[in-house]
Amino acid sequence: MNIGTSDTNSYAGNLVFNNATALPITAETIKFIGSTNTNIDQLGTGSVIIQKPIVNKSSGARVTLNKPVRVTSACTFVTGYINSSSTNPLIFLDNIGHTGASNNSHVVGCITKVGNDIFTFPVGNGIGYHPLAITAPAAATDSFQACIILKHPSDDGYNVNSKEASLIQVAPYHYWTLNQISGTNSETISLGWSIHV
Amino acid sequence: MNVTIGSLPDMRVARWNGAQWSNLGNSATTGAAALGTVTQTGTIANYGVLD
């Protein structure tokens with residue numbers, strides 16, 4: 001199944017597939033628009049692959065991933081958000097990146113990154129951009145998953161009052177998880193804050 | 001809710017080590033009080049829960 005070849009295809013509603021094999025969407029660009037929350041789903045067993053998704057929804061609307069979605073060229077954030085989870089993440093393959101993430105547009109949930117590049121996971125809480133970045137892993141097959149968890153850390157057993165004395169305070173608004181799925185690496189981590197918590 | 005960062009040099013990366021939050025330091029910051037990043041000191045090989 002091919003959707004377009006070089007044009008932009010815009011979707012204001014749900015994008016639902018039903019394929020038993022990998023789904024090679026060959027459109028140059030899939031733009032998610034509209035002011036209502038929508039989702040991407042796959043009723044079959046095939047992978048969902050979108051070369052160039054653009055998040056361009058209005059009124060803070062979100063696209064929820066009901067299956068993992070692989071980005072194979074680039075992802076552009078303009079306005080609106082992607083909701084994802086650890087089981088249904090947005091996946092960036094090796095050498096694939098993103099542009100435009102901000103307070104107004106990012107992923108609320110989990111992102112998987114494959115590859116050996118410096119990468120910023122464009123996550124946030126739906127009003128503020130709170131990215132997590134890693135230095136370059138060693139191998140192109142290495143992969144990490146980062147999630148932003150919109151809960152008080154203490155509610156999940158990570159007591160903010162149990163801390164080294166050198167920490168003034170542990171932020172109670174949310175926290176991140178970072179797990180290496182493939183490979184064994186030592187990385188330097190950066191975390192982002194926004195005034196919007 | 002809005003929260004303003006008081007001091008960028010005071011920002012730290014912290015990791016839950018299974019018993020408490022450990023201080024991974026601050027080797028650099030970018031941005032400003034309203035929007036920015038902090039980078040830990042050195043590297044880690046165990047990741048998990050961060051704040």
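Author: In chain A, strand β17 (residues 143–149) and strand β18 (residues 175–182) run antiparallel and are joined by seven bridges. This is a predicted model, in which local features need pLDDT of at least 70 and side-chain atom pairs count only at pLDDT 80 or more, while totals for chains, interfaces and linings use all residues. Residues are numbered from 1 along each chain as its sequence is written, chains are lettered from A and ligands numbered from 1 in the order in which they are written, and side-chain values use heavy atoms, with hydrogens and water left out.

Reader: What makes β17(A) and β18(A) a pair of strands?

Author: Two strands pair if DSSP finds at least two bridges between them. Seven bridges join β17(A) to β18(A), so the two strands pair. Within this pairing, Cys147(A) has Thr177(A) as its bridge partner.

Reader: Which strand of chain A is joined to β4(B)?

Author: Strand β19 (residues 189–194) of chain A runs antiparallel to β4(B), with five bridges between them. Ser190(A) stands opposite Thr39(B) there.

Reader: Why are the segments of chain B called strands?

Author: Strands are DSSP runs of E with at least two residues, and helices are runs of H or I with at least four, numbered from the N terminus. By these rules chain B comes to zero helices and five strands, and its pattern along the sequence is therefore written β-β-β-β-β.

Reader: How many residues are in contact across the interface of chain B and chain A?

Author: Contact means heavy atoms within 4.5 Å; by that criterion 37 residues of chain B touch 38 residues of chain A. Trp21(B), Tyr47(B) and Asp51(B) supply 22% of the area that chain B buries against chain A, more than any other three residues. Buried area is the accessible area (1.4 Å probe) that two parts lose on being put together, summed over both; here the total is about 3100 Å².
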